[in-house]
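Hi,

Here is the structure I said I'd pass on.

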Amino acid sequence: MTGAPPDILILDDDLAYCEAMAAYLESQGCRVTTLQDPSALDATLSAAHHDLLLLDQRLGSTTGTDVLVRIRAHMDLPCIVVTGRSEAVDRIVNLEIGADDELEKTVPPREMLARIRSVLRRYRNRAGQPAGQVAPTTGRRWQLLAERRELRRPDGSLCPLTTAEFEALHVLHEAKGATVTRAELSRRVFRREFDPADRAVDTVIRKLRTKVDTVEEPRVIKTVRSLGYMFTGFLDEARA
Amino acid sequence: MSDTGTPDLHALAQHLATASLAVDAASAFLERGDLARLHRCLDAAATALAEMAGWIEAKRAEDDTPEATRP
């Protein structure tokens, strides 16, 4: 690898695999931190900078998908999900919600390394800076002013929203990366029970997307097929 | 083993991946003359291979068991 050795964080509850992967990546010039307990992830990410997360899909009481949703709600950390077997549904969901790549554990180590390098290159080229940085801090992010019912762009300018668009964004943001069903959006935005023939929720989300999607974050409101929507963008909420 | 007593393919894949990574790492550490790490990697590879041998034994035993007596 060129430049400073990348810091890779491995989250996998299988200690033997974790250590073998760490040894392999270290032998290839990476710095590696390993973690078996998903509940310690937030503290580990806060404590030190990491360039990339190698995330196991099967984590005992939780899944790589759940962890990924949590991370994507507040961090732009490159992430490769490693699956034990080819599980098409998990792979698709993970890629949809923001995994940078998906790998089976049985791929040859050299291919795994090549994929890691590829993701790191992509992030470095995109940002012109080391990958894995936390999303821009307050003042450079979108701001939702709850009491004024306003949405401000990172440059401070007002992004005009209709009442329904504002309510929908507020509900999605409150869910902190979890899926919000169309039924819940219908109840909270339009104060009426959801009717599958009613496209009002989908229409308001479509219009909202045209306002909040940017080149840097092209799809902050993800569609969760047959269920509803999920907000994965960066947004500060303020009272005034 | 899975809940049904069938050797778990996921576990086999996991051991295979562990052995593969450990062998590749061992090879790199051997080239560098880093003997301490080389030993650790060879230990990890040997353990994973032993687990795979256990998996194969379990699978053979299952294949040899008449259908009617399987759990």
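Before the interface, one cut-off: I call two residues in contact if their C-beta atoms, placed from the backbone, lie within 7 Å. Keep in mind too that this is a predicted model. Its scores are ipTM 0.77 and pTM 0.59.

With that cut-off, 15 residues of chain A are in contact with 20 residues of chain B. On the chain A side, the biggest contribution comes from α1(A), which gives 8 residues. Sorted by class, that side of chain A has 7 nonpolar, 4 polar and 4 charged residues.

Now chain A by itself. You'll find 8 helices and 13 strands in it, and of its 240 residues 35% are buried. If you take the contacts in chain A between residues at least 6 apart in sequence, 57% of them join residues at least 24 apart.

The part I'd look at next is an open sheet of 5 strands in chain A, with the order β2-β1-β3-β6-β7 and parallel pairing. The edges are β2 (31-35) and β7 (101-104) of chain A; each has a single partner strand, so one side of each is left without a neighbour in the sheet. On average, neighbouring strands here are turned by 20 degrees against each other, ignoring direction. For one pairing in detail, go to β6 (residues 79-83) of chain A, which pairs with β7(A) in the parallel sense over 4 bridges. There, A:Ile80 has A:Asp101 in β7(A) as its bridge partner. Helix α1 (residues 15-27) of chain A packs on this sheet and touches β1 (7-11), β2 and β3 (52-56) of chain A. The direction of that helix makes about 170 degrees with that of β2(A).

A:Leu144 has A:Leu151 in β9(A) as its bridge partner. In β8(A), A:Trp142 and A:Leu144 make up the covered face, while A:Gln143 and A:Leu145 are on the uncovered one.

Which other residues have a positive phi although they are not glycine? One is A:Arg191, at about 55 degrees. A:Arg191 is found in the loop between α7 (182-190) and α8 (200-212) of chain A, and it is exposed, with 8 other C-beta atoms within 10 Å. Another is A:Ser226, with a phi of about 70 degrees, in the loop between β11 (221-224) and β12 (228-231) of chain A. A:Ser226 is exposed as well, with 7 other C-beta atoms within 10 Å.

A:Arg209 is partly exposed, with 16 other C-beta atoms within 10 Å. From A:Arg209 to A:Leu169 is 40 residues in sequence and 9.8 Å in space, C-alpha to C-alpha.

On to chain B, which has 2 helices and 0 strands. It has 71 residues, of which 24% count as buried. For its contacts with a separation of 6 or more, 58% are between residues 24 or more positions apart.

Helix α1 (residues 9-32) of chain B passes a simple length check: at 1.5 Å a residue its 24 residues should span 34 Å, and the end C-alpha atoms are 35 Å apart, which agrees. Its buried residues include B:His15, B:Leu21, B:Asp24 and B:Phe29. After the helix comes B:Gly33, with a positive phi near 75 degrees.

How far does the confidence go in chain B? Its mean pLDDT is 84, with 83% of the residues at 70 or more. The pLDDT is below 50 over residues 1-6 of chain B, and that stretch has 6 contacts in the model beyond near neighbours in sequence. Where pLDDT is low, the predicted coordinates should not be read in detail.

Cheers

Note on methods
Residues numbered from 1 in each chain as written. Chains lettered and ligands numbered in written order. Predicted model: local features only at pLDDT ≥ 70, side-chain atom pairs only at ≥ 80, totals over all residues. Pairing = 2+ DSSP bridges. Axes fitted to C-alpha atoms, helices over the stretch in contact; angles between N-to-C directions. Expected span 1.5 Å × (residues − 1). Buried ≥ 20, exposed ≤ 12 C-beta atoms within 10 Å, placed from the backbone. Nonpolar A, V, L, I, M, F, W, Y, C, P; charged D, E, K, R; others polar. pLDDT = per-residue confidence, 0-100.
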